[in-house]
Amino acid sequence: MSCDRLWRGARLAMMTGGKGDPLGLVGDGIVAVADGRILWAGPAADAPGFAAGEVVECGGRWITPGLVDCHTHLVHAGNRTGEFVARLGGADYAAIAEAGGGILATVRATRAADEAGLVAQSLARLDALLAEGVTTVEIKSGYGLTLADELKMLRAARALAGLRPVGVTTSLLAAHAVPPEFRGAGIASPADAYIDHVIAAMLPAAAGLADAVDAFCETIAFSPAQIDRLFTAARAHGYAVRLHAEQLSDQGGAELAARHGALSADHLEHLGDAGIAALARAGTVAVLLPGAYYFLREIKAPPVAALRAAGVAMAVATDLNPGTSPLASPLVAMNMAAVLFGLTPDECLTGMTVTAARALGLGGRIGVLRPGHDADLAIWDIDHPHDLVCRIGPNPLWRRIFKGQDT
């Protein structure tokens, strides 16, 4: 059997295991790739004979699927360090937002930037993720809040995939905050009027640029009823949906997300029993974002034990954004998920690979070492995959492979 490239002398964390071995560990493994896809992965003793164009000796290093960061706000302009200082002095998220900071501060900076400037500012953040083994990243809009600026953000996100060897999936997060121009006199319900605008103007225009529609369900953002209207329209346009839910309070967002068949519900610090049951029934992934919990100095963690008991799949992501999670390290995000939320190292690793892929609707393409999947690999100088969760410090990535090629 012929292949383009073959990695041998490797230990594998295939992420195809079940109970008792969720990482699917292989002590002496081979990965063979042809045409950018995995042709074979598994124990060397079981491998067929390969005629390889190139053989890479791994020297006992570990190969995992490339990491998947399934929730980021990577494309943006501006700087919100001042808010970090204000929070250290006692200001909370809602107070900063009500004073014109928070999301709207980044909106002002992002509107002022042109597309090329957004791309240039975002590349450094993307490069930080890639340096730690990320091969697929989700990027949201949501800092434009006008048709032109939301599309500008989505185009910038797509442009990044042309400048770096990485898979990019995009989400239209126009329902992130009510823009200032909708808060003027004469508008009875600014949030309702803005959602009407998103439905009528943005959903049709973002076709082909956005893969999914996201929204922020919270007292300082949009109500479940408003998001219900948005998601109904988004599904009619063929978009997948996901939701920022239960971050600051329990608004029933997870139940709403589940009712619409959402790929994921994200944050979930204030998730209740009804939301957990709804996610379990719908098969919606719970995306946990420990960076925001840490930076906001929250004290109520997501109900991890209850999610685990209900069989809800849990992913982990950086939530990379300028104000509440300026975190561009998937490895630190996994460590935080373990230390702050109580996930096991196995849950963190599956949460950044196979489950994160599922949260993006890409479970059939990435996130596991399986024949037919994209040959997106991370090769690590570590003793055990748990080292990726345990350690904070030197980067153990040896090679990053995207569609079969070194990057």
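**Note on the domain contact and the annotated binding site**

1. In this predicted model, 21 residues of domain 1 are in contact (heavy atoms within 4.5 Å) with 23 residues of domain 2. Domain 1 covers 2-65 + 368-406 and domain 2 covers 67-360, with bounds that come from an automatic or database domain assignment. The C-alpha centres of the two domains lie 30 Å apart.

2. The size of an interface is often given as the accessible area lost when the parts come together. Between domain 1 and domain 2 about 1800 Å² is buried, and carbon and sulfur atoms give 68% of that area. The value is the accessible area (1.4 Å probe) that two parts lose on being put together, summed over both.

3. On conventions: residues are numbered from 1 along each chain as its sequence is written, and side-chain values use heavy atoms, with hydrogens and water left out. Local features need pLDDT of at least 70 and side-chain atom pairs count only at pLDDT 80 or more, while totals for chains, interfaces and linings use all residues.

4. An unreviewed UniProt entry places the feature "binding site" at His71, His73, His244 and Asp319. These positions span 249 residues in sequence, yet no two of their C-alpha atoms are more than 12.3 Å apart, so they gather at one spot. From this set, His73, His244 and Asp319 belong to the lining of the largest cavity. A cavity here is a set of points on a 1 Å grid over the protein atoms alone where a 1.4 Å probe fits but cannot get out; lining residues have an atom within 4 Å of a point. UniProt annotations may be inferred rather than shown by experiment.

5. Histidine 71 sits in the loop between strand S6 (67-69) and helix H1 (81-88); helices (H or I, at least four residues) and strands (E, at least two) are DSSP runs, numbered from the N terminus. Histidine 71 counts as buried because its relative accessibility is 0%, the limit being under 20% relative accessible area (1.4 Å probe, protein chains only). Leaving out residues up to four places away in sequence, histidine 71 touches residues including His244, Asp266, His267 and Asp319.

6. Histidine 73 is placed in the loop between S6 and H1 and is buried, with a relative accessible area of 3%. Among the residues that histidine 73 touches, not counting those up to four places away in sequence, are Lys140, His176, His244 and Asp319.

7. Strand S1 (residues 2-13) pairs with strand S4 (residues 51-57) in the parallel sense over six bridges, where pairing requires at least two DSSP bridges between the strands. S1 also pairs with strand S2 (residues 25-34), in the antiparallel sense over six bridges.

Terms used:
1 Å grid on protein atoms, 1.4 Å probe; cavity = no way out; pocket = protein on both sides within 12 Å on 5 of 7 lines; lining within 4 Å. Buried < 20%, exposed > 50% of the residue type's maximum accessible area, 1.4 Å probe, protein only.
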